[in-house]
Amino acid sequence: MNTIRPPAVAGMFYPKEADELRTTVRGFLAAAAVRRPDGELRALIVPHAGYVYSGPVAAWGYALLPALGGEVGRVLLLGPAHHVPVRGLAVTTADGFATPLGVVPVDGDGVAQARDVAGVVVSDEAHEPEHSLEVQLPFLQETLGDVGMVPLVVGLASEDEVAAVLDVLWTAGTLVVVSSDLSHYHDYGTAVRRDAATASAIEALRPVGTGDACGRLPINGLLRVAARRGLRATTLDLRNSGDTAGPKDRVVGYGAFAFTTAG
């Protein structure tokens, strides 16, 4: 019998009704400017707050995906643990993750490969309440259809452990998506400065500092492997909640970044 992980944050982070959700995501995608970087797309970093806050920024990354056609065979989706402590990176035993738009299938072969990598554990408990992966799924469903995924909740893991998983699973036809917000709860001016510095570090493939991104560990693992593979990072959009739907005295930063081949 197939095991499906039900939505945990539908109706909170994004609409719970399918028609409203589809219209919302399509609206974000239509409003995003497609700044297509040179080279072939290999990875994205996108934010994961409530859609009213981060959806317009995430869409700048996802707007690149429809042009890929059938080039993406699976998505390797990594996001930080917010609710359940994890030592390492957690995979799931679920066969799919449900959203109001349907079920995103889990790539069982990819999960099996991941389980053979040091630092990877199995924890359905870590996945059950986690929003950092779930909020990406409707965007993936709208842009890539029913492409399978390997979902990984990243807890207390080293950059080496993250990089090791990427080295094994980031093969031809695999798109890496790292889910992360940037700075948290600074005033608007401070956030703009800090997030600009973080964007510069990402573009230079240099590690992101503590406190500059909640997904710092998966980001830094991605940056390490991207540098080894000669990829180029491009900032697609950089804003914060003060720009989208919140006050400016205590904001959260959001960025969308694309990683492409240098050719």
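**Pockets and helix packing in a predicted model**

The largest pocket holds about 280 Å³ of space. This is a predicted model, where local features need pLDDT of at least 70 and side-chain atom pairs count only at pLDDT 80 or more, while totals for chains, interfaces and linings use all residues. Residues are numbered from 1 along each chain as its sequence is written, and side-chain values use heavy atoms, with hydrogens and water left out.

A pocket here is an open set of points on a 1 Å grid over the protein atoms alone, where a 1.4 Å probe fits, with protein on both sides within 12 Å along at least five of seven lines; lining residues have an atom within 4 Å of a point. Volume is the space filled by probe spheres set on the points, which are joined across faces, edges and corners.

Back to the largest pocket. Its lining has 19 residues, and A49, D181, Y185, V252 and Y254 lie nearest its centre. Strand 10 (184-186) and strand 12 (251-261) each give at least two residues to this lining, and strand 12 has the largest share, 3 residues. Strands are DSSP runs of E, at least two residues, and helices are runs of H or I, at least four, numbered from the N terminus. By class, the lining has 10 nonpolar, 7 polar and 2 charged residues. Nonpolar means Ala, Val, Leu, Ile, Met, Phe, Trp, Tyr, Cys and Pro; charged means Asp, Glu, Lys and Arg; the others, Gly among them, are polar.

The second largest pocket has about 190 Å³ of space. It is lined by 14 residues, with L41, R42, A172, G173 and T174 closest to its centre. Strand 2 (41-46) and strand 9 (174-179) each supply at least two of the lining residues. The classes are 7 nonpolar, 3 polar and 4 charged.

Now the helices. Helix 1 (residues 18-31) packs on helix 2 (residues 51-62) at about 55°, with the axes 8 Å apart. Axes are lines fitted to C-alpha atoms, for helices over the stretch in contact, and angles run from 0 to 180 degrees between N-to-C directions. Helix 1 and helix 2 are therefore oblique to each other. On the helix 1 side the contact (heavy atoms within 4.5 Å) is made by L21, T24, V25, F28 and L29, and on the helix 2 side by Y51, G55, P56, A59 and Y62. That contact has 8 nonpolar, 2 polar and no charged residues.

Helix 1 also meets helix 6 (residues 137-144): their axes come within 10 Å and cross at roughly 75°. That makes helix 1 roughly perpendicular to helix 6. As for cut-offs, angles under 35 degrees are roughly parallel, over 145 roughly antiparallel, 65 to 115 roughly perpendicular, and the rest oblique.
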